[in-house]
Amino acid sequence: MADAVSIEQNNKIRAALGLRPLPVPGADHDDSDSSSEDEDPASTLESREAMASENWKKMQDDAEAKRKREERNAAIKRARDLAQRDAKLEGATLGEAGGAEDTKSWLMQAKKRQKKIEKERARKLAEELEERERAAEYSAADLAGIKVGHQVGDFDGGEDHVLTLKDTTIDENEEEGDELENLDLREKEKATERLELNKRKLAYDPTEENSGILAQYDEEIDGKKRKRFTLDAKGSTEEEREAKRQEVTDKLKKNIVSLDFETETPGSDYMDISEVKIKKPKKKKAKTTKRRAVLDDEDLDLAAESAGTPNGNAMDVDTNNGVPVPAPAPRKSASGDVSFVDDDDLQASLTRQRRAAFKKRQKVRPEDLARQLREEESQTPMEVGTPDGNEDEPGLVIDETSEFVSNLQKPTLPERRERETSTPAEDSRAKSEGPDVKDEPEDAGDIDMERTYNDIEDEEDLKERIRHDEAQAQQHISTTGLEEEATLDQGLGATLSMLKQRGLVKGSDAADQNSLHRDRHHFLQEKNRLESEAEKRARHQRERDRASGKLDRMSAREREEHARWENKQRDQQDARHMAEVFNREYKPDVQLKYVDEYGRAMNQKEAFKHLSHQFHGKGSGKMKTEKRLKKMEEEKKREAMSALDSSQHTGMNNAMGATARKNRQAGVRLG
Amino acid sequence: MMIVTVNDRLGSKATVPCLPSDTVGDLKVLVAAQIGRAPREILLKRQGERPFKDFITLGDYSIQNGVQLDLEIGTGD
């Protein structure tokens, strides 16, 4: 294939490329010989032979060395094995030992040897025992800190329980440590649990204590609550110890003595429920006239009323007492009483409190004691009123404050006094009826009284009693702790306050209105002043003109013209000035008030409807009108109703009343 | 000296005597002289291997006597 020709052609190409020429097969030998000679100096026969012998020697040496090395290795190995074998055969062999001693000496030494062996055995036994003991010393102390997966109560006293280590995975064991359990108990627990599950309980049991609404999920959230206790070194449980510690601390806490100074706590205004003894108030029956006649000074109200019976005239009573205006005295004293002696219970409790406070103070100053005594003395008679009915006699004067208060009440009294002089009982009735009726029955009562007192003596008792009860009832109302319902007979201020209280008149922002009003007033004054000033100025000018004779020179028409011109000028100036002032100072107060045909003020919505109806010349239909009228009437009724009325339609209970009516439920709200 | 066969299995086949010290570029020139294609359009490779680079010798590619190489068309870069 690659013959010499092709190689030669190739060589030409290679020469052109600048490559090394290929060796041509024909010229190969010569080239190779020359080249091999150059390359290898030991290629001659001798040298080759020499090399060969050398090689052979070398090979021989190598083989020899190898053999020697192996031999040495084998010898070493053999020696090592021998040494190992000899190591096991150290000491005397059976034959050697036996051969060494003779029988006699062996016998002599036999005992010794026996002893030695015995000793050895004893030592070994002791060691073993010790070891066993060490192992057996697994006591309660070793159990310290080990948990037991049951409740203490689960272990009954009498029986033995064998606790085994709980079967857990390695992870659990790492996490929780060793835990002991009794298989029987565990089985029992599981059984009860299964039974519980089968019971199908309600999720939420309201009767159960200390459980939330979603208590059934507690187990899922917090994990199952495991009953367990931990043993300590003495075999008792740590829980027990904890309980004991708690007990001790409790005991210690009981005997804590505070070194702080005792703070003075004011006595409560209310009695403790346990202390309260409800005394049923005895009905004070105004029994008979006989009794009253005997005990004149028993009750002043009674006295005043019953006094009419024997004398037959109210006026006589007045004169009897010999005081100019005697009848008001009881009333006044009664009202005075109200402020100090409300009722027996309250008074009693107050006295008790005072006494307690007094005891606390300990330092008893003589004047204090005296005052206290006086107070207590004065209170007891006051409950029935001042005996002689004379207001000047200060039976209930405690200090200046009460005097001041009682003085404060005076101004309202005189009007009443006149009425009361005639008939105190009648007055009490009148008071309940209202202010409007008051004047009318006054006179009638007078006449009535005279007649009845003279004519009907038998019925008097009954009436008296009724009146007395009424008066008492009224007094009770006033002493319930609520303020007395305001009446209209005490002046404009009282009326206004009552209306405000009921919400019928809205309390406006008085200050703002006042200032507005003042401003307007001021503005008007200013305006007047300016006007008068301008007028004065005009007059002056006219006079000046007249005096200067300016007018004399003019004809009548001219004079008129001049005057008109001047007036115009002046008016213009004034107007300009006024406008300026107006702009500067005038603050308009715009109020759009619409009043309907009944005189009620309409609000925006109503006013719009009203105007709309007027504009279209057509009002609402019959139903709507009726509804509106009804609403108005109700409103009026509500306004007239008492604020203290506890029925359903008053201001506070309105919503409730409305819903009750809607639901068609009857009922009265108490309290 | 060794003889390398270059074959593209489409009809052009060349046997080239060369030395292991020749570079692949030289071989390409020799092949080009035989098959009449520009040396830069020749791409030589062993079957299933990457193409030979021009500046590396045949000895380095461990090309020996009687080896057959694949001849493909190269783009010259």
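**Ground rules**

I'm reading a prediction, where local features need pLDDT of at least 70, side-chain atom pairs count only at pLDDT 80 or more, and totals for chains, interfaces and linings use all residues. Residues are numbered from 1 along each chain as its sequence is written, while chains are lettered from A and ligands numbered from 1 in the order in which they are written.

**Confidence in chain A**

I started with pLDDT, the predictor's confidence in each residue, from 0 to 100. Chain A averages 72, and 63% of the residues score at least 70.

A contact here means C-beta atoms, placed from the backbone, that lie within 7 Å. Residues 412-452 of chain A are also below 50, with 45 contacts beyond near neighbours in sequence.

**Helix pair in chain A**

Next I checked α23(A) (residues 510-548) against α24(A) (residues 556-585): their axes come within 11 Å and cross at roughly 165 degrees. Axes are lines fitted to C-alpha atoms, for helices over the stretch in contact, and angles run from 0 to 180 degrees between N-to-C directions. That makes α23(A) roughly antiparallel to α24(A) (the label applies to angles over 145 degrees).

From α23(A), I listed A:F523, A:E526, A:L530, A:A534 and A:A538; they meet A:R570, A:D574, A:H577, A:M578, A:V581 and A:E585 of α24(A). I get six nonpolar, one polar and four charged residues in this contact. For the classes, Ala, Val, Leu, Ile, Met, Phe, Trp, Tyr, Cys and Pro are nonpolar, Asp, Glu, Lys and Arg are charged, and the others, Gly among them, are polar.

**Sheet in chain B**

I found an open, mixed sheet of four strands in chain B, ordered β2-β1-β4-β3. Strands pair if DSSP finds at least two bridges between them. β2 and β3 (42-45) of chain B are the edge strands, each pairing on one side only. Neighbouring strands are turned by 30 degrees against each other on average, direction ignored.

Going through the pairs, I have β1(B) and β2(B) antiparallel with six bridges, and B:V6 opposite B:A14. In their hairpin, with five residues between the strands, B:R9 takes a positive phi near 60 degrees. β1(B) runs parallel to β4(B), with three bridges; B:N7 is opposite B:D70 there. β3(B) and β4(B) (residues 68-73) are antiparallel, joined by four bridges, with B:L44 facing B:L71.

α1(B) packs on this sheet, touching β1 (2-7), β2 and β3 of chain B, and its direction makes about 135 degrees with that of β2(B).

**Where the chains meet**

Last, I looked at the A/B contact, which takes eleven residues from chain B and ten residues from chain A. On the chain B side, β2 (13-18) and α1 (24-35) each supply at least two residues, and α1(B) gives the largest share, four residues. I sorted that side into seven nonpolar, two polar and two charged residues.

Conventions
Contact = placed C-beta atoms within 7 Å. Parallel < 35°, antiparallel > 145°, perpendicular 65-115°, else oblique.
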